[in-house]
Amino acid sequence: MEVMEGVPPVINLTEVARTEKEEFEKKVSELIIEFGAENLLACMQCGACASICPLARVGFEWYNKKLIKAILIGMKEELLDDSTPWACVACNRCTEICPRQVSPFEVMFAMRRLMVEELAISTLAIEGDRSLYEHGHAVYMTGREARKKVGLPEKPPTTDSDEKALQELRTILKNTKLAELGLIPME
Amino acid sequence: MISETVSETLKEKLKFGLFLGCNIPFNRPDVEQAMRKIFPALNVEIDDLVGQSCCPSWGTMPSVDVVGWCAVAARNLCLGEEKGIDLMAACNSCYGSLNEARHKMLNNPEIMNKVNEILAKIGKKYEGKAKCRHVAWVLYRDVGLEKIKESIKYSLDGLTIAVQPGCHFLWPSEVYPDKEEDPFNPKVLRELCKALGADAPYYTKLIDCCGMGALRSTNPEKSFTLVKEKLECIKEEIDADLIVTTCSSCLIQLDDAQERLRKEGKISFSIPVLHYVQLLALCMGFDPQQVAGICVTPRDEIIKRILESGKR
């Protein structure tokens, strides 16, 4: 912006708003593409994905088609505040039916990844990662009565009974974004 | 063995790495025990894949980062690849996560390279050969319906089964080693049930979601709406004697949520739920306590009926 001596600068708010918005729009869709939804821009909003989505069926706000539309028009804050992507069952009905190979499932999960990146997540969302790092299992139980009851050894032949394997898994996790973002304690 | 076609695998003795996941070994170990009983009896050798971990499940690494997801999956796939065998899973989520990750790695060299850079730190390399098969497909295509028919001591004549293949048994068909002819009109589980003598008719909500997984943890009320509709459809349309699924998550949801709905007075009926490997194990004569001993919705009556009137 040109500044003339002695004259206070005039900020053209309309201009600022326009360029900022352009930057912003670019950013959301680009991030979603970068986070795994490579074919986002192929969406033509036909709604096939919504017709078959369990989340749309039970009334979640930002089901696949609507989420994609919102991303394409550059919405962000509203989306970061909503838990819909975390309810996605990853069933991939949408991927199967999409005539444009958009894979709405990937958009839903790219949105999760964006929320993780922006730390717009609940502690519940990283509970599984913590358990994965600690035990090698997202679902883990210390009580082993059920295994004994059905005649199995107390521990399954997994990272649960194999310290070396657990350390291998931890090494892998330490070299992923999970560690980069510092989401869970890793000793 | 690792092969692209089934005809290749039939030439040799069948051997697979038994991929357990999390829910089966910790929540429903009777499903694990059922697999450990039926496969050797059907001449399918199983390897424990010692040191396997979570697949990783949808709520963990797949929600954080694509490369991280693929790296955890690749380590598990390596355990099979190193022994020259494919993995075999009875949990649809494991089947889905492992095969989607493999599909990403095979179709994107950049992802594959990054994954192998990470795997190098633990002295491993994934070449994309080993994949994960689903136990139901192994039974259907590799073992075969005829052999299943020959192996059973009890048949299910006169029983009606509502089948629940589950989402990741079917979609996205592009990533799976075995595909239904029409992924929106699945036949394999129905055929497997018919091989045991039961009737397994179509019902309107056959491919509908059970509401398990992330939906249940995020919004239980909406999750129970889906499972209630599904159960009511099963009761009204085919009045099934039991529900049979190929997914451990569907098993837990249909069994567990059903009991909750009864307690809340939202449904008034009770339909026992089994994983297909459990049903087959019962028909083959294995100990019900070991292969089907863990449930919320009672199974005693249906098991008694099978063992008393199904004797061949």
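Colleague: Which residues of helix 4 of chain B meet helix 6 of chain B?
Modeller: This is a predicted model. In it, B:Val66, B:Val67, B:Cys70, B:Ala71, B:Ala74 and B:Arg75 of helix 4 of chain B meet B:Ile111, B:Lys114, B:Val115, B:Ile118 and B:Leu119 of helix 6 of chain B.
Colleague: How many residues of that contact are nonpolar, polar or charged?
Modeller: Nine are nonpolar, two are charged and no polar residues take part.
Colleague: At what angle do the axes of helix 4 and helix 6 of chain B cross?
Modeller: The axes of helix 4 (residues 66-81) and helix 6 (residues 109-120) of chain B cross at roughly 60°, and they come within 9 Å. That angle makes helix 4 of chain B oblique to helix 6 of chain B.
Colleague: Left-handed or right-handed crossing?
Modeller: Helix 4 of chain B passes helix 6 of chain B in a right-handed crossing.

Colleague: Switching to the sheet in chain B. What is the strand order?
Modeller: The order is 2-1-3-4, in an open sheet of four strands with parallel pairing.
Colleague: Which are the edge strands?
Modeller: Strand 2 (44-47) and strand 4 (132-134) of chain B, each of which pairs on one side only. On average, neighbouring strands in this sheet are turned by 45° against each other, direction ignored.
Colleague: How many bridges join strand 1 to strand 2 of chain B?
Modeller: Four bridges, with strand 1 (residues 14-19) and strand 2 of chain B running parallel. B:Gly17 stands opposite B:Asp47, which is in strand 2 of chain B.
Colleague: And which strands does helix 5 of chain B touch?
Modeller: Helix 5 (residues 92-107) of chain B packs on the sheet and touches strand 1, strand 3 (86-89) and strand 4 of chain B. The direction of helix 5 makes about 150° with that of strand 4 of chain B.

Colleague: Now the two chains together. How many residues of chain A are in contact with chain B?
Modeller: 49 residues of chain A, and they are in contact with 53 residues of chain B. Several helices of chain A give two or more residues to this side, including helix 8 (104-117), helix 9 (127-135) and helix 11 (163-174).
Colleague: Which helix gives the largest share?
Modeller: Helix 11 of chain A, with six residues.
Colleague: What is the make-up of that side of chain A?
Modeller: The residues touching chain B divide into 24 nonpolar, 14 polar and eleven charged.

Colleague: Last one: how is chain A divided into domains?
Modeller: Domain 1 covers 23-117 and domain 2 covers 122-187. Their C-alpha centres lie 29 Å apart.

Note on methods. Residues are numbered from 1 along each chain as its sequence is written. Chains are lettered from A and ligands numbered from 1 in the order in which they are written. This is a predicted model: local features need pLDDT of at least 70, side-chain atom pairs count only at pLDDT 80 or more; totals for chains, interfaces and linings use all residues. Domain bounds come from an automatic or database domain assignment. Axes are lines fitted to C-alpha atoms, for helices over the stretch in contact, and angles run from 0 to 180 degrees between N-to-C directions. Angles under 35 degrees count as roughly parallel, over 145 as roughly antiparallel, 65 to 115 as roughly perpendicular and the rest as oblique. A crossing is left-handed if the near helix is turned anticlockwise from the far one by less than a right angle, and right-handed if clockwise. Two residues are in contact if their C-beta atoms, placed from the backbone, lie within 7 Å. Ala, Val, Leu, Ile, Met, Phe, Trp, Tyr, Cys and Pro count as nonpolar, Asp, Glu, Lys and Arg as charged, and the others, Gly among them, as polar. Two strands pair if DSSP finds at least two bridges between them.
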